[in-house]
Amino acid sequence: MAYFASTRRGEIAELQEELNSNKPDRKKEAVKKVIAAMTVGKDVSSLFPHVIKSMETTNIDLKKLVYLYIINYAKTQPDLAILAVNSFRKDARNPSNPLIRALAVRTMGCIRVEKITEYLCEPLKDALGDDDPYVRKTAAICVAKLYDISPYLVEDDFLQILDGLLSDGNAMVVANTVAALLEITDMKGKPAIRLNSNSISRILAALPECTEWGQVSILDYLVTYTPIDIPEAESIIERVVPRLAHSNAAVVISTVKVLMKYMDFVTNSELIRSLCRKLGPILVSLLGAENEMQYVALKCINLVVQKRGNILDRDIRVFFCKYNDPIYVKLEKLEIMVQLSDLKNIDQVLYELKEYATEVDVEFVRKSVRAIGRCAIKLERAVDRCISCLLDLISLKVNFVVQEAVIVIRDIFRKYPNRYEMIIKNLFENLENLDDPEAKASMIWILGEYSDRIDDATAQIAHFIETYMDEPPQVQLQLLTATVKLFLKKPDESEGLITDLLKQSTESASNPDLRDRAYIYWRLLSSDPEAAKDIIFGEKPTISDDTLALDATLLDRLIEDLGRLSTIYRKPAEAITNKKRERQIEKQEYEEEVLEYDSSGQRIGEAVATYSGDLLGIDAEPSKRFARIPLQNVLNAQTPGVNGNMGLSIDMAFQRINGEILLDCRFTNSSQALLSDWAMQFNVNHFGLAMGEALALPDLHPGASKNTKISIVTTGKPDSNPPGVPIIIQIAIKCSLDIYYFQIPCMYTVLLSESGLLSKEEFKQTWTGVSDPSEFTHTLQAIDPSYSTYQLIQDRLEANHIFFVAGKSTETGQVSYFSTKNSKDQVVLCEIRVSNPVSAVQVTCKTPHPALAPLFIQGINFLLSTAS
Amino acid sequence: MASALLFLNSRGEVLIYRSYRDDVSRTEVSQFCTQVVAAKEASEQPIVYLNGVHYIHTVQNNIFVVAAAASNINVAMILQFLYKAVEVFKAYFNGEFDENAIKKNYVLIYELLDEIMDFGLPQLTETEVLKQFITQGGLRKSIRDDQIQGALIQATGITSWRPDNIRHKNNEVYIDVIESLHVLVSSQGTVLRSEVQGQIMVKSQLSFMPECKFGMNDKLAMAGDGNSVLGDKGIAIDDIKFHQCVRLGKFDRDRSITFIPPDGVFELMTYRVTENVNLPFKLIPIVHEYDKNKIEISLKIKALFERNVFASNVVIKIPVPKNSGKTNIYAVTGKARLEPEQGAVVWRIRRFPGDSEYTLRGSVNLVPTTSDKPWSRPPVTIDFQVPMFTSSGLRVRFLRVIEKSNYKPTKWIRYITKAGSYQHRI
């Protein structure tokens, strides 16, 4: 408890002192306190150098604590994290204790800093070949971690090693290898290695021997494989079936999905029948699990039943709701009850649904009433029974039940017209008040449709019209149509009504849909009333209960995903993954921006002229884009402001878009107060960057975030100090919460102007004019694989205002010269050597302003290590 | 897989936070804490989607155990893992898992979280094995390197649940057959659903590496082995699930149950029976509402098991509306009274002999209220335990233990049937 005591002033200093203590016990206590502070969200990153001093301990408990700390803060302190690398490498070679070796490899993989990964490769390879299975199984997972940070490091070597580990003698190593391959496959979007019959039989051998989690991974991996022929599918089925008796529900669900997939590949109908017979009770047993697990199981069962209806055709009663089931379980059970209902069990089902409709939870009751309607629409021969069930419910006079029944009855009328109008009377008798728009619209629809058989239809509709202008659009539209129908059936009674209504709708309605519809009716009625009748009372498309039906290909994909999030949301896997989607959105936003600019000025003319062959110019040279710099978190919600308040989080990046410098920002309010009164200011800086406009940000509600762009000018007051690497801009922001100071790096490429192209002579002059000491050479290793030829590299640079002046090809590659100018007209020149094929790029730059050289190289590095 | 694990208290405060991947940030996670947990909306959905992050959670003793993920993860596996993780922590904290236990043991928890999950993928979760090398918090002071090596080899081996150096002075096995009876009866008295969820718990105190074979009166297994007693055909079991120590391949081939048990208490198997379920009681409840100010209750309960068996701790709850006032209740045996906090008339009978019948009668006066919301008439529920009785009729036929040192263990068997969700609608 004491560890979580509130922060005191000087706590950090005190901890620092304790960390540097000579007594091991005191040191350990101090690290524990640091971890506690970290847990509650306090920023203890400043203690980094002091904590990692304790890493060189032989005490394994203390070591673990230090590792935990490093994992948490390495990201924000990458330079300091490198200091820890040596200790890690030493631990990874510890000769006597496999636990320490594994721990070192595991932790290094968790430090998600690209700088460290280079040092990770060698110990990781050793660990993958370690004698101890514990080290190997840890290392296998680590390959997936490495892939997540630097995919290019993994591509060939490591994937081959993983392939080899599939035949490891230890089942747990095989299982973790499979898990890593699955992860890589997910990240990559295509299979990490090609599976063949041989590798499949190897992992099948490990299946019965590994832990329950390993079994889930192996089964999930089997789903990604497509059997080559029927005997193979049958033999896989045979080896997987015993897993159905595992006590872990996740193993069972994964087994079910393997069987569901492989069943499609076998033709032996006896085998299929016996599998289906087996699966039924297995699925039902899942309902005995914990509530959350039941929910997942019900979602899976729903899909399995859609695919093979015969699996659960025997007993619908297991899906009856218990009084104390949580609401989310009840709603899923309802779905399956409707799905399984047929003429044999409909009486039982209706009896249950009626029971549910008298409970108190409004949502559950409504869904139950709705379910009765769905059964009616699904089973034509049971409609009478459904209707009488609904009538029983209506007679209870519970208002929301009756309203829901009105909606359901409208659907039944739609599906089976002119059969059940006699029940309209009951509806009116039991309805106290209609406050649900859908119910109201349904009621009005019924009135219009059957106005010739309802005696007081005119009066009823007239009554609804009184509040016409205040209704929601759904009701207004329905009322308009119903009145037209009434007029066509009883013209004498309702002429006044319809003219008034049309007039009101066309003159004073603000909703364009409503106005348009009124105009159409008006013209139709005034030009040809007979035609109007044909149109308005024309045949309606039939409705069916399709709330459950999924497209067959989507269903097959979801069956393969059984148990995963996609089956919960019933959406394809792409729609679930956050990372990919975010990238797509960013790309879209960017494209929209480009379009905006294109349509805003003269550039459009140029575009047409240049791409006359391709009128739309859609795919025109995507590499011509200016590099987009990813947003970076510059202020997090745990950082206190001047007055100690925290909760504002900001992501920012400088961008250059069409000749302008913009500051791309995202503000997120994680505090509990409304944030307003925004103001922002830049500190003086070397390049004179300043805000071109005041920060115009609306009030931000708690939890909300807002993206905005601020245009930046370079005419601000410059600072006389030389620029640092990277260029750091200090910013102050004020809002109703507090005042915050933070800093944001600016990529040098953003400052490069369009006029950076020098003639060959000018170039020569400057190049020779600069003495050699101001020459910088750097070799870039991490080139994005998308720049596969020299030309692509040149395109990328030119698109970002690094202009090609001259160049020549040599035997080994290409040497070219480029020129640039920044916003202050300072020139930086460079020579770029690209090997053929592209593997490394050597950049040599010369400039009269030596301080700019490292910035420039950093910029090129960014451009070439990210895809365009 | 999972990007982060969190333990929160019911106010949404973070007790433990362990990040496994950086596609979910701490800031994002805090939105779940404030907008869902603190806002008390978490009970409506076990899986919540919030600004690009999926939160999967379960609640144990008011502690929210949450996994956050940003990709299409296997929810079934993660949920199972969360349940298992809680089990592991309980084993470490002597059965306690609450805010205090967590705060007291947070260092140990972090160490365990590091071992039971890696990169969001579940790893070793066997408590017995973890205890061999996760010792933070002074469970054991120092371990020698060679001991660790042994523990690790065992942890990754085929019998990851059992160390091979176990010795017991007396070799004993206790078998408990525990059946939970789930019944739903309609207001007309017809049984809508009856199901036995059985559990066979084994406490094994056996030395070295014993090879066990377990047999019960399973219809399919007995048809196969041919030496069953004439007339006893066994019972039909809908579905069986086994502890991971049982060889599933062998069971699939000839329905024999063979295994090397973990040491201590474990759940050997669970099973489900829906055919020929014997209900121990028959209830006839009548709850009648008289013009909104009075309810009359009568309930007859009859024990259907044999005279020499007794049920114990029988508790029958007859729900009444919230606005119940004065009651007048008479029962032949046991104690019956209105318990307002339960919203029910509760009738407790300590000992209920077989083949007997009792009745309760009474009335409840209702206090007039302003709300005219109808009473939802929840079902009558009953709770009981009947020792030496199995609703399914399951019997253990044998347990053979074979060990190289050839000891003869002592075996103990108990049976008990308990009420699961036993509801009678009114």
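Between chain B and chain A there are 8 salt bridges, each being a side-chain nitrogen of Lys or Arg within 4 Å of a carboxyl oxygen of Asp or Glu. Welcome to this structure: it is a predicted model, in which local features need pLDDT of at least 70 and side-chain atom pairs count only at pLDDT 80 or more, while totals for chains, interfaces and linings use all residues. Residues are numbered from 1 along each chain as its sequence is written, chains are lettered from A and ligands numbered from 1 in the order in which they are written, and side-chain values use heavy atoms, leaving out hydrogens and water.

**Where chain B meets chain A**

- One of the salt bridges joins the side chains of Arg21(B) and Glu183(A), at 3.0 Å from N to O.
- In total, 98 residues of chain B are in contact with 105 residues of chain A, contact meaning heavy atoms within 4.5 Å.
- The two chains bury about 8,700 Å² between them, 55% of it on carbon and sulfur atoms; this is the accessible area (1.4 Å probe) lost on putting the two parts together, summed over both.

**A run of paired strands in chain B**

- Strand S8 (residues 172–185) and strand S9 (residues 191–205) of chain B run antiparallel and are joined by 14 bridges; two strands pair if DSSP finds at least two bridges between them.
- The hairpin of S8(B) and S9(B) has 5 residues between the strands, and Gly189(B) there takes a positive phi near 95°.
- Val202(B) in S9(B) is the bridge partner of Ile175(B), and Val202(B) also has a bridge partner in S13(B), namely Phe266(B).
- S9(B) and strand S13 (residues 264–273) of chain B are antiparallel, with 9 bridges between them.

**A four-strand sheet in chain B**

- An open sheet with antiparallel pairing has the order S14-S15-S20-S17 in chain B.
- Its edge strands, S14 (281–290) and S17 (324–331), each pair on one side only.
- S17(B) pairs with strand S20 (residues 357–366) of chain B over 6 bridges in the antiparallel sense, and Asn328(B) stands opposite Ser363(B) in S20(B).

**A five-strand sheet in chain A**

- Chain A has an open, antiparallel sheet in the order S1-S2-S3-S6-S5.
- Strands S1 (632–635) and S5 (690–691) of chain A are at the edges with a single partner strand each, so one side of each has no neighbour in the sheet.
- S1(A) pairs antiparallel with strand S2 (residues 648–657) of chain A over 3 bridges, and Asn633(A) has Asp651(A) as its bridge partner in S2(A).

Definitions and conventions:
Helix = DSSP H or I, 4+ residues; strand = E, 2+ residues; numbered from the N terminus.
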